[in-house]
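Open the model in your viewer and keep the selection tool ready. The stops below follow one another; take them in order.

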Amino acid sequence: MRNIGYYIREGIRNMFSHGFMSFAAVGITVACLVIMGTFTLVAVNLNENLKDLERENEIMAFVDDSYTEDEARALQETLEKIDNVRLVNFITRAEALKIFQSEHPDQELYQDLDPQILRDRFAIRVESLEELRETKEKIKAVTGIADVNAYENISDGFITLRNVATVLCVSLILILFVVSVFIIANTIKLTTFDRREEIAIMRMVGARNSFISWPFVYEGFLLGIFSAVVAFLLQWALYEGVTRGVAESQSLQLFRILAFSEFWKPVAGSFLAAGMLMGVGGSLSAIRKFLDV
């Protein structure tokens with residue numbers, strides 16, 4: 001602890017002694033963090049949209065025409081017992097007609113329809129969209145249910161997109177993390193090579209391995225912290241730009257983009273943790289590999 005000031009000063013000096021390499025290390029680490037952050041935020045937003053779809057998506061189960069309203073209502077208990085069913089709401093013919101008319105207010109022809117031309121139905125919400133197809137088949141198998149409508153293609157598309165984004169996110173994080181550690185390690189390697197005579201003298205006078213190593217660890221730590229701060233600011237600006245673009249686009253209104261203010265703290269913490277881990281990891285790698293300490 002008494003030497004912490006010395007370590008920090010030496011770490012800063014090491015950063016500026018190889019300005020170009022330090023700049024390159026910061027630049028590549030920032031690029032890696034931004035790419036990792038972008039894919040992670042895409043996965044987070046896709047997952048949130050999938051949850052919205054789970055909350056709002058409804059399976060429409062139409063009751064057989066031969067059933068009376070009381071007989072139709074009696075099916076609700078059976079439907080509620082089906083796995084993955086979260087909520088069952090019974091809709092009478094008259095209520096279904098009112099909904100239909102409200103959706104076509106400008107069509108006078110629809111305003112005088114007889115409710116009997118429609119069917120009693122159930123609006124069913126599920127717990128997980130990943131089991132939507134299986135749930136649809138179970139509902140269809142209930143005696144008294146004549147037909148079932150479920151937009152499984154839309155939900156399947158969301159699930160596939162989320163899974164692909166998650167796999168890409170994890171793969172890129174691993175690859176880019178290794179790349180960043182490698183670049184920082186090589187930056188530290190140049191510093192240790194440049195100071196090899198000073199290090200040799202320190203060893204000759206009995207300096208501990210930790211005393212020799214810590215300045216390089218602090219150098220990597222500072223490189224990682226600085227990279228994380230720059231990357232976080234760039235990520236914030238990029239995210240806000242994309243959010244505005246999606247909000248102004250009519251074709252992308254289907255997607256809901258979370259406000260960055262809702263989760264900036266965990267994002268900042270993740271960037272700082274990743275930056276420090278990259279910096280310290282690169283330093284330790286260089287010291288072990290290139291210093292005989």
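**Stop 1: a residue on the outside**

Select V167: its relative accessibility is 53%, so V167 counts as exposed. Exposed means over 50% relative accessible area, buried under 20%, and partly exposed in between (1.4 Å probe, protein chains only). This is a predicted model, where local features need pLDDT of at least 70, side-chain atom pairs count only at pLDDT 80 or more, and totals for chains, interfaces and linings use all residues. Numbering starts from 1 along each chain as its sequence is written, and side-chain values use heavy atoms, without hydrogens and water.

V167 sits in helix 7 (residues 152-194). Helices are DSSP runs of H or I, at least four residues, numbered from the N terminus. Between V167 and A43 lie 9.3 Å, C-alpha to C-alpha, and 124 residues in sequence.

**Stop 2: the rings**

The structure has nine aromatic pairs (rings of Phe, Tyr and Trp, its six-membered ring, with centres within 6.5 Å). Select W236 and W264. This pair is stacked (planes under 30 degrees apart), with 6.4 Å centre to centre and 15° between the planes. W236 belongs to helix 9 (residues 209-248) and W264 to helix 10 (residues 264-290), 28 residues apart. W236 is partly exposed at 33% relative accessibility; W264 is partly exposed at 34%.

**Stop 3: a buried side**

Go to helix 6 (residues 132-140). Here L132, T135, K136 and I139 are buried. They lie on the same side of helix 6 because they cover an arc of only 105° around the axis, taken from the directions from the helix axis to the C-beta atoms.

Methods. Helix = DSSP H or I, 4+ residues; strand = E, 2+ residues; numbered from the N terminus. Phe/Tyr/Trp six-rings, centres within 6.5 Å; stacked < 30°, edge-to-face > 60°.
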